[in-house]
Amino acid sequence: MDPNALHTLLSVPQNRARFINNMLEIVKRDNYDGVDIDFEFINPKDGIYFTLFLKELKNALGPNIPLSVAVFSRTSNDKWATPYEYQKIGQIVDKVIVMAYDYSYPTSKPGPVAPLWWVEQVAQYMSQNIPPNKVMLGLPTYGYDWATGGRGTTVTAPRLASTKAQYKLTEKFDYNHMSPQYTYYDNWGNYHQIWMENEQSLNEKLKVAEKYGLGGISFWRIGNG
C-alpha cells in the first residue's frame, strides 16, 4: 500500500524479475495452490507496469498455478484515475477479486460499507470489462463504528456483540441500502452509528453475483475477530 515502494518494484524490470523468482521458489517449495496479488494505492501512472508485472508473473507460474488479483471497485460513473487496466488484467489472470466494499470508510461520513445498489453497479461494470466467470465479488464481513465528528473504527461480529453487551443499541435495517444499522450513545454521551453486514445483506449481494454470472464471491475476511 506504499505508492513509492510499488513504483520501485513495478517500474524496474530487474526488481519485477527478482520478486517473481522469489515467489516461484516459495510456491514450489511449500506446494501452494496459487498466488493472489493485492497491491493497493498504486500510482495511476504505474498502471502499465502493474499490468506488465501480472503478465510476467502469469507466464512464470504457467497454466497449472492459478493467479488471482484484487482490484478496487469501479462503476461506469467513476472518473477517477485508476492504475487497474481492467480489460487487460482480465485477459491475463485466472480470477479478479473485486473489492466491493468500503463505499463508506473510516474517514468518510457514516454510511453503508457496501450498499446493494452500488454493489450491483460494480458487478455490472466489471462483467462488461472482464469475463464474468473470472470475476469474484469481494464481500465484507465487517463494518465501521462512527462517533459524531470522529473517525470510524472497525467492527466485526464479536465486537458488535461486545458493544451490545455494554450499551443499549437501536437496530434497524435500511432497505434503501440493504444494510443493517445500529445507533447508540456511549458513556460520555457521544452519538455512534454502526453500519455493517449480516446474513440478510450478504445474501442479497450473493444474488447480484448470480444475476451477472460472476465466477463466485470472496470474503474479506474469514476469521474477523
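In this account, Lys and Arg count as positive and Asp and Glu as negative, whereas His and the chain ends are not counted. The place of each charge is taken as NZ of Lys, CZ of Arg, CG of Asp or CD of Glu. On that basis, the protein chain holds 22 positive and 22 negative charges, and their mean positions are 3 Å apart.

The model is a predicted one, in which local features need pLDDT of at least 70 and side-chain atom pairs count only at pLDDT 80 or more, while totals for chains, interfaces and linings use all residues. Residues are numbered from 1 along each chain as its sequence is written, and side-chain values use heavy atoms, with hydrogens and water left out.

The overall dimensions come next. Along the principal axes, the C-alpha atoms of the protein chain fill a box of roughly 55 × 35 × 35 Å. The chain has 225 residues, of which 48% count as buried; buried means under 20% relative accessible area, exposed means over 50%, and partly exposed lies in between, with a 1.4 Å probe and protein chains only. The protein chain exposes about 12000 Å², and carbon and sulfur atoms supply 51% of this area. Such areas come from the Shrake-Rupley method with a 1.4 Å probe, and for residues only the protein chains shown count as cover. Contact means heavy atoms within 4.5 Å. Among contacts in the chain between residues at least 6 apart in sequence, 66% join residues at least 24 apart.

The secondary structure comprises seven helices and 10 strands. Helices (H or I, at least four residues) and strands (E, at least two) are DSSP runs, numbered from the N terminus. Strands of a sheet pair through backbone hydrogen bonds, either parallel or antiparallel. Here two strands are said to pair if DSSP finds at least two bridges between them.

Strand β3 (residues 95-99) is largely enclosed by the rest of the structure, because four of its five residues are buried.

With a relative accessible area of 28%, I217 is partly exposed. Leaving aside neighbours within four places in sequence, I217 is in contact with M136, L137, L139, L206 and A209. I217 and V96 are 121 residues apart in sequence, yet 10 Å apart in space, C-alpha to C-alpha.

A residue of helix α7 (residues 199-211) to examine is K205. Is K205 buried or exposed? Its relative accessibility is 0%, so K205 counts as buried. Beyond residues up to four places away in sequence, K205 touches A114, L116, V119, L137, L139, M178 and E197.

The other open sheet to consider has five strands in the order β6-β5-β9-β8-β7, and its pairing is antiparallel. Its edges are β6 (153-155) and β7 (170-174), each with a single partner strand, so one side of each is left without a neighbour in the sheet. The twist in this sheet averages 25° from one strand to the next.

Strand β7 pairs with β8 (residues 179-185) in the antiparallel sense over five bridges. In this pairing, K172 stands opposite Q181 and D174 stands opposite S179. The two strands form a hairpin with four residues between them, and M178 in the turn has a positive phi of about 55°.

Helix α6 (residues 157-166) contains K164, which counts as partly exposed at 39% relative accessibility. Not counting residues up to four places away in sequence, K164 touches L169, E171 and Y182.

Conventions. Axes fitted to C-alpha atoms, helices over the stretch in contact; angles between N-to-C directions.
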